[in-house]
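Reader: I have the structure open and would like to go through the words used to describe it. Could you take me through them one by one?

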Amino acid sequence: MVIASALLPPNTARVAASHSHPHTHSGRDSRYWDAALETQSRESWERLKLASLKSHLQHAYLGSPYYRAAWYAAGVHPSQLKTLDDLRRFPFIDKKVVRDRQLAMPPFGDICAVPERDIVYISASSGSTGVPTASPFTQQDFDDWIDYEARQFWSSGLRPEDRYAHSLNFSLFVGGPCVLGAQKLGALSIHAGTLPSDRLLAIIQQFRATAIWTTPSYAWYLGETAIKQGIDPARDLSIRRIFVAGEPGGSIPETRNRIEALWGAAVYDYYGLSDIFGSCAGMCEERNGLHWAEDHIHVEVIDPDSGEPVAEGERGELVLTTLKKAARPMIRFRTGDIVSFTSEPCACGRTSQRMLGVHGRLDDMLIIKGVNVFPSDVEAIARKDRALTGEYRLIVRRVDHLDQLTVQIERTAAEASADADAELAGRFSHQLKSIVGISASVEILPPDTLPRATHKAKRVDDQRQGVWG
Ligand SMILES: [Zn+2]
């Protein structure tokens with residue numbers, strides 16, 4: 001559609017211009033979905049992002065009563081943004097603000113920057129507090145998102161010949177519509193949703209699915225379930241690509257290796273959140289970090305205490321700013337996810353920055369005897385040792401004012417001598433000390449003792465609450 005800019009009010013023209021990238025598909029033999037966009041120089045990326053950000057801040061300011069008031073209170077105005085770094089003068093926003101504004105101005109809150117008649121889709125997420133917050137999309141937001149999902153699937157090697165079983169929840173979950181990205185790419189898209197594992201396995205067999213998307217825990221559980229039914233996933237099924245999201249496991253090499261060996265398939269980690277898109281970063285075929293959708297999102301990684309940026313490769317809290325999402329712009333949204341990133345060139349030729357996986361949630365980080373411990377660090381050790389099943393549980397207690405960590409792990413052997421268990425425990429605690437920097441008592445359990453997690457796993461039992469208030 002060609003719109004004569006002169007006929008539109010100034011802001012409308014700017015917003016229309018920000019969507020002007022043609023999203024040209026480079027053709028089925030290309031390694032890239034959109035080569036010009038994906039392989040542009042870093043300077044070109046920065047120019048593109050700055051132009052989008054300027055018009056997006058203007059849109060948020062004019063359309064959202066919340067941003068107008070919050071920025072006025074902080075003494076900032078969109079016209080002050082001359083470089084991407086200037087964004088750091090703008091205040092953060094977080095899940096609590098989103099929830100509070102939604103409660104104050106139901107149903108969608110005054111962070112929204114378009115009239116309700118322009119909203120065509122919402123996803124909802126409850127977070128850890130149980131009050132669902134809605135994430136609204138205009139038709140253009142939705143189309144942009146699905147176009148990006150197609151590009152991301154393409155970068156992970158999905159092709160029109162593939163049969164893709166989408167096994168995420170469709171009920172208000174932002175991961176649901178991602179299936180349309182695979183469909184747009186031309187793959188046969190099986191809208192499976194969350195089914196009992198027996199039915200899902202039957203569908204994978206019957207339609208000879210070649211790709212699937214689920215959580216890392218569930219990919220593991222589904223593979224183990226298949227084996228119990230006498231099906232060897234690597235030999236008897238045709239799954240060659242597994243997309244995972246929702247837990248750190250997809251970027252923990254030891255966890256990925258185990259799922260890959262079980263399925264005879266490559267595992268690609270994706271990252272998304274309801275407040276932005278179903279996925280907004282994902283692994284290319286190199287599987288070395290997750291490329292960001294930098295035409296849609298500006299990424300910051302900050303020290304959660306000081307709010308200042310951390311250096312490349314260091315862990316910090318992920319802060320995301322939308323560059324186009326018109327229905328509800330998210331400007332400096334604190335995700336609570338702890339990540340690290342790199343801008344080193346990737347062997348695939350794409351020039352977007354990469355996240356080196358999510359190490360965990362800020363809420364999940366345990367401080368034990370003053371040491372920051374993420375369950376994902378322990379998981380990496382538990383998954384590496386072939387004498388262990390890879391399942392684990394952390395129990396933290398406070399005894400005589402001192403933190404005590406107990407790690408429960410399972411051996412693979414059904415029977416073992418006390419000496420063998422002691423040696424396994426010794427090996428594990430030595431690794432914990434040298435890699436995570438913490439001492440723990442290690443309990444070896446027989447296989448299948450710990451509860452198996454089907455979707456998001458709960459592997460921490462912190463009993464310290466209430467001891468010191
Ligand atoms: Zn790459």
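Author: Gladly! Helices, of at least four residues, and strands, of at least two, are DSSP runs numbered from the N terminus. By that numbering, Leu172 is placed in the loop between strand S3 (163–166) and helix H7 (179–185). Please keep in mind that this is a predicted model.

Reader: What makes Leu172 partly exposed?

Author: Buried means under 20% relative accessible area and exposed means over 50%, with partly exposed in between. Leu172 has 45%, so it counts as partly exposed. Its backbone deserves a look too: phi is positive, about 65°, although Leu172 is not a glycine. As background, most residues other than glycine have a negative phi.

Reader: Where is Arg287 found, and why is it called partly exposed?

Author: Arg287 is found in the loop between S8 and S9. Its relative accessibility is 24%, so it falls between the cut-offs and counts as partly exposed. Arg287 also has a positive phi, about 50°, without being a glycine.

Reader: Now the metal site. Which protein donors does the zinc ion have?

Author: They are Cys284 (SG), His291 (NE2), Cys346 (SG) and Cys348 (SG), lying 2.1 to 2.3 Å from the zinc ion. Along the chain, these donors follow the spacing C-x6-H-x54-C-x1-C.

Reader: What makes the arrangement of the 4 donor atoms tetrahedral?

Author: Four donors count as tetrahedral if all angles lie between 85 and 135 degrees. Around the zinc ion the angles are 105 to 113°, and therefore the arrangement is tetrahedral. For reference, the ideal angle for four tetrahedral donors is 109.5 degrees.

Reader: Which parts does the pair Cys284 and Cys348 tie together?

Author: Cys284 lies in the loop between strand S8 (281–283) and strand S9 (290–292), and Cys348 in the loop between strand S12 (333–342) and strand S13 (354–361), so the pair ties together parts that are 64 residues apart in sequence. Cys284 is buried because its relative accessibility is 0%, and Cys348 is buried because its value is 1%.

Reader: How do you know that H3 is roughly perpendicular to H4?

Author: Angles of 65 to 115 degrees count as roughly perpendicular. Helix H3 (residues 42–63) and helix H4 (residues 65–74) pack at about 100°, with their axes 5 Å apart. That makes H3 roughly perpendicular to H4. The contact is made by Leu57, Ala60, Tyr61, Leu62 and Gly63 of H3 and Pro65, Tyr67, Arg68 and Trp71 of H4. By class, this contact has 7 nonpolar, 1 polar and 1 charged residues.

Reader: And why are H8 and H9 called roughly perpendicular?

Author: The axes of helix H8 (residues 197–206) and helix H9 (residues 216–228) come within 10 Å and cross at roughly 80°. H8 and H9 are therefore roughly perpendicular to each other. Residues making the contact include Leu200, Leu201 and Ile204 of H8 and Tyr218, Tyr221 and Leu222 of H9. The contact of H8 with H9 has 7 nonpolar, 2 polar and 1 charged residues.

Key
Residues are numbered from 1 along each chain as its sequence is written. This is a predicted model: local features need pLDDT of at least 70, side-chain atom pairs count only at pLDDT 80 or more; totals for chains, interfaces and linings use all residues. Side-chain values use heavy atoms; hydrogens and water are left out. Donors are N, O and S atoms within 2.8 Å of the metal (3.2 Å for Na, K and Ca); water is not among the atoms, so sites may look incomplete. Four donors count as tetrahedral if all angles lie between 85 and 135 degrees; four count as square planar and six as octahedral if opposite donors are over 155 degrees apart and all others between 65 and 115; anything else is irregular. Buried means under 20% relative accessible area, exposed over 50%, partly exposed in between (1.4 Å probe, protein chains only). Axes are lines fitted to C-alpha atoms, for helices over the stretch in contact, and angles run from 0 to 180 degrees between N-to-C directions. Angles under 35 degrees count as roughly parallel, over 145 as roughly antiparallel, 65 to 115 as roughly perpendicular and the rest as oblique. Contact means heavy atoms within 4.5 Å. Ala, Val, Leu, Ile, Met, Phe, Trp, Tyr, Cys and Pro count as nonpolar, Asp, Glu, Lys and Arg as charged, and the others, Gly among them, as polar.
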